[in-house]
Amino acid sequence: MSRSAHPAGPRHADVFTEGHYSAPAADLNVLDEKVWSRTVTRDADGALTVGGIAVARLAEEFGTPAYFLDESDFRARCRAWADAFGPDADVFYAGKAFLSRAVVRWLKEEGLNLDVCSGGELTTALDAGMPAERIAFHGNNKTVAEIERAVEAGVGRIVLDSFQEIVRVAHIAQRHGVRQRVQIRVTVGVEAHTHEFIATAHEDQKFGIALADGQAAEAVRRALALDGLELIGVHSHIGSQIFDMAGFEVSARRVVQLLAEIRDEHGVELPEIDLGGGLGIAYTSEDDPREPHEIAKALSDIVTRECESAKLRTPRISVEPGRAIVGPTAFTLYEVGTIKPLEGLRTYVSVDGGMSDNIRTALYDAEYSVALVSRTSDAEPMLVRVVGKHCESGDIVVKDAFLPADLAPGDLIAVPATGAYCRSMASNYNHALRPPVVAVRDGEARVIVRRETEEDLLRLDVG
Ligand code: LLP
């Protein structure tokens, strides 16, 4: 994704070298539907509405900063993924993107399964009534206590991530007198990025067991030999915010090759493969994500083709989208505070949140969009950097964007596509109070995760 400096932008050399922004949209009042959730629109007064409710009312009732989650969009995306993959495949929502009990109930109602990767996520899932058999348990360092709970609860699958864990889970399952259904997570030597993938000869990361050097084959050998385990398949997750399907195709091909090797060596055809998550979403107008049905078709075509040529029965496919489901469904609403124009550079717009509610910009150099949402404006576009209120100059929410030049303290601005990995990675840095998540649907708004209070901070601080 290459972006260029806008010719009408500030004439300061550093901005051109460091800045990374596109030309302003022809009309800043127009909301690009690619980056906003489906029920977002502007009302007759020019204010943004979601689920039929104007942001001014939301800000008044719930305060800022706050995440507003478009429930009907979330449910529609769940259905789109489930429909695209059909009855012969399974969609596991990756809870790490954002998990709450309300979300678990929506997933359950819409027929999705759930991937959890910690005891906390498992507790949330079970507490909200997700049937254990619809839960997959992930993690590169599950504790013995976590494994015990997962086995006791009867989770549908544990995704084994190391040789030690193969033995650990087998022992625990045996102690409980059960055969635990498991998959083995393999690293297929494909590192996927937004627009490229790099095939690496050697794996250099903490997840999974490498296909290279026959390690994954050895893991399969050991798992098949243990009474406490029922090996149901192989798992691969190649990365995140991926648009190009080529990485998935290589991954699928290598996983199917492993299934063929397993059949040849053990006479066993493993019934499932999981191709992980990682599908990209639009954070800005320049991003072009694939639709679930295109993804489903590409994956099932490649798996079917590879299985035919290896004379294997086609395994049941599962996928684990997190961001692609929840990411586009929420925006963060902020109130504008200090506005600091830096002559010849850009204008710094400070909001009442920051890296404590969205660490992704600081951590991954992620790009976001932003819009003035409490009103429209005909003022000229001005180049801004939206920053937070934290004691750190890297506390940036939106690195480069355009907002109307008449922006004023008290205006509401919103950053779309913050549904994934913003609340779930939020922190209390500077003793910030983590914002609430408010679900909006059909003219009704309700808090699903409440705002933290200073009492919450003091309660944890036991003196
Ligand atoms: N399955 C597994 C095994 C994963 O490790 C992940 C994400 C997913 C599924 C879901 O990936 P998604 O579809 O959401 O991309 N904090 C980073 C993303 C870390 C993803 C970790 N694993 C971010 O904010 O971009």
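This is a predicted model: local features need pLDDT of at least 70, side-chain atom pairs count only at pLDDT 80 or more; totals for chains, interfaces and linings use all residues.
A pair of aromatic rings is described by the distance of the centres and the angle of the planes.

Seven aromatic pairs are present in the structure. In one of them, formed by F68 and F331, the ring centres lie 5.8 Å apart and the planes meet at 40°. Since planes under 30 degrees apart count as stacked and those over 60 as edge-to-face, the F68 and F331 pair is tilted. F68 belongs to strand β4 (residues 66-70) and F331 to strand β16 (residues 330-342), so the pair ties together parts that are 263 residues apart in sequence. Buried residues are those under 20% relative accessible area. F68, at 0% relative accessibility, is therefore buried, and F331, at 1%, also counts as buried.

A further pair is formed by F74 and Y93, with ring centres 5.7 Å apart and planes at 70°, so this pair is edge-to-face. It links distant parts of the chain, with F74 in helix α3 (residues 71-85) and Y93 in strand β5 (residues 89-94), 19 residues apart. F74 has a relative accessible area of 0% and is therefore buried. Y93 likewise counts as buried, with a relative accessibility of 0%.

Technical notes: Residues are numbered from 1 along each chain as its sequence is written. Side-chain values use heavy atoms; hydrogens and water are left out. Rings of Phe, Tyr and Trp (its six-membered ring) pair if their centres lie within 6.5 Å; planes under 30 degrees apart count as stacked, over 60 as edge-to-face and the rest as tilted. Helices (H or I, at least four residues) and strands (E, at least two) are DSSP runs, numbered from the N terminus. Buried means under 20% relative accessible area, exposed over 50%, partly exposed in between (1.4 Å probe, protein chains only).
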